Amino acid sequence: MHENKEKLTRIGEAILTSARNDIYLSMRFLDIALAGLGYQMNLNTARVGTDGINILYNPTFLIKLYQEDLVLLNRYYLHMVLHCMFRHELNQGDRDPDLWDMACDIAAENVLDGIDNRAVNLMQSSFREEIYDRLHEDARVLTAEAVYRSLSRWHVSYEEQLRIRQEFFRDDHQFWPKDPNQEPQEQEGDASGEGDRRQLEAQRQEIEGKWKHIDQKTQTNLETFFAQHGTEAEGLLKTIRIENRERYDYARFLRRFVSLREELRVDPDSFDYAFYSYGLELYGDIPLIEPLEYQESQKIQDFVIVIDTSDSCSDGVIEAFLGETKAILHHQDAFFQHMNLHIIQSDAAVQMDTVLHSPAEFDRFVDSFTVKGYGGTDFRPAFAYVDRLLAQGQLRELKGLLYFTDGFGDYPQRKPAYETAFVFFEDDYTDREVPPWAIKLVLGPEELRIL
């Protein structure tokens, strides 16, 4: 029995090594990624799978696949590597697990189908092409997150799910690292449960760091390769760029625009209750000390949000941006009680300026928002308008201007007298150039919570 197990282990590793070498010889830009997984026999699966560290395989399945179709074997191997490169196994979060598994498999297969190389080329079925065409109506690049959003909107029936799963299913996802935040809560005082949770989190962080490093190296390899040999795996490069793009904390970003000033409110931190109580005891109802009526606060006083209402911005994205901004500012109690917030709608010209003086007015504005515009894109009129407001004294403590857009336009030639940030919405990777005096912030569907 022991000898047979060793023999099957050697055969399985030899088959996987053969597939890895075949892919490597055809696509050398994947060298680091291909070396990122070890091999381990595991009879708990009828197929193959990965945990981000090893490929876990059933040798019987590999032997059969090796005998029947070497290209399909290569695709299985690279399919699992792509899961790791895109960190599919770590990013499920609170998503529906069945739908997330399906989205990850579609995203990996789409990249494979876009690689023009004999090592992984297979004829696509008409059903597969139909699914891709339908998904591309919602997103230019089919990341797992984009596919998941589409599948969620489609309300796919059980029968449709079975057909899609049969078309795109490859590897066994049971080995993907467990999310400690999704695991059942341990009983109070259960030290072993807390230790397991920490171990799971440490393992996930190790896998995340390893594959992020591999991704960055692979992106460099791909960009160098394409500069010399064309666009053999353009879809892979686009997806890697999205996965490697910097993720932004929009809430932290908004803190850049606060002002320090006194606000009419009780300051409990500067109040000594001992003297207050002593005075009440000594004189009846006369305290020796009372709380300060003013407190220094760091909040937003004057602020300008410009919304690009040209054809390039969709109503849904604008509403999501305003909704997320409203939620963040409310949660952090970010505005002074008497604020001066200008929300300017502008395309090639300023279409509307709504001035809001309280959080309640901001709420009502967001809830009843309608877009004014749909013309071309020119950033300059909005800046000229704000400069006039400053000259007229309508904005006295302007710390910054936030310009939300997803299009290209003409920028002012000179730096404004206030800090400026261009906030771009991107559901795929498109690098945007902004003037050196401006801040660039790129938000994706996850940051704006767009399904």
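I paired rings of Phe, Tyr and Trp (its six-membered ring) if their centres lie within 6.5 Å; planes under 30 degrees apart count as stacked, over 60 as edge-to-face and the rest as tilted.

The model is predicted, so I kept local features at pLDDT of at least 70 and side-chain atom pairs at pLDDT 80 or more, while totals for chains, interfaces and linings use all residues. Residues are numbered from 1 along each chain as its sequence is written, and side-chain values use heavy atoms, with hydrogens and water left out.

I looked up F365 and F369. Their pair is edge-to-face, with 5.5 Å centre to centre and 65° between the planes. F365 is buried at 10% relative accessibility (buried means under 20% relative accessible area, with a 1.4 Å probe and protein chains only). F369 is buried too, at 9%.

Next I took F383 and F422. Their ring centres are 6.0 Å apart and the planes stand at 45°, so this pair is tilted. F383 lies in helix α15 and F422 in strand β9 (residues 419-425), so the pair ties together parts 39 residues apart in sequence. Helices (H or I, at least four residues) and strands (E, at least two) are DSSP runs, numbered from the N terminus. F383 has a relative accessible area of 3%; F422 has 0%.

Then I checked α15 itself. In this helix A382, F383, Y385, V386 and L389 are buried. Just after α15, I noted a positive phi of about 80° at G393.

Definitions and conventions. Buried means under 20% relative accessible area, exposed over 50%, partly exposed in between (1.4 Å probe, protein chains only).
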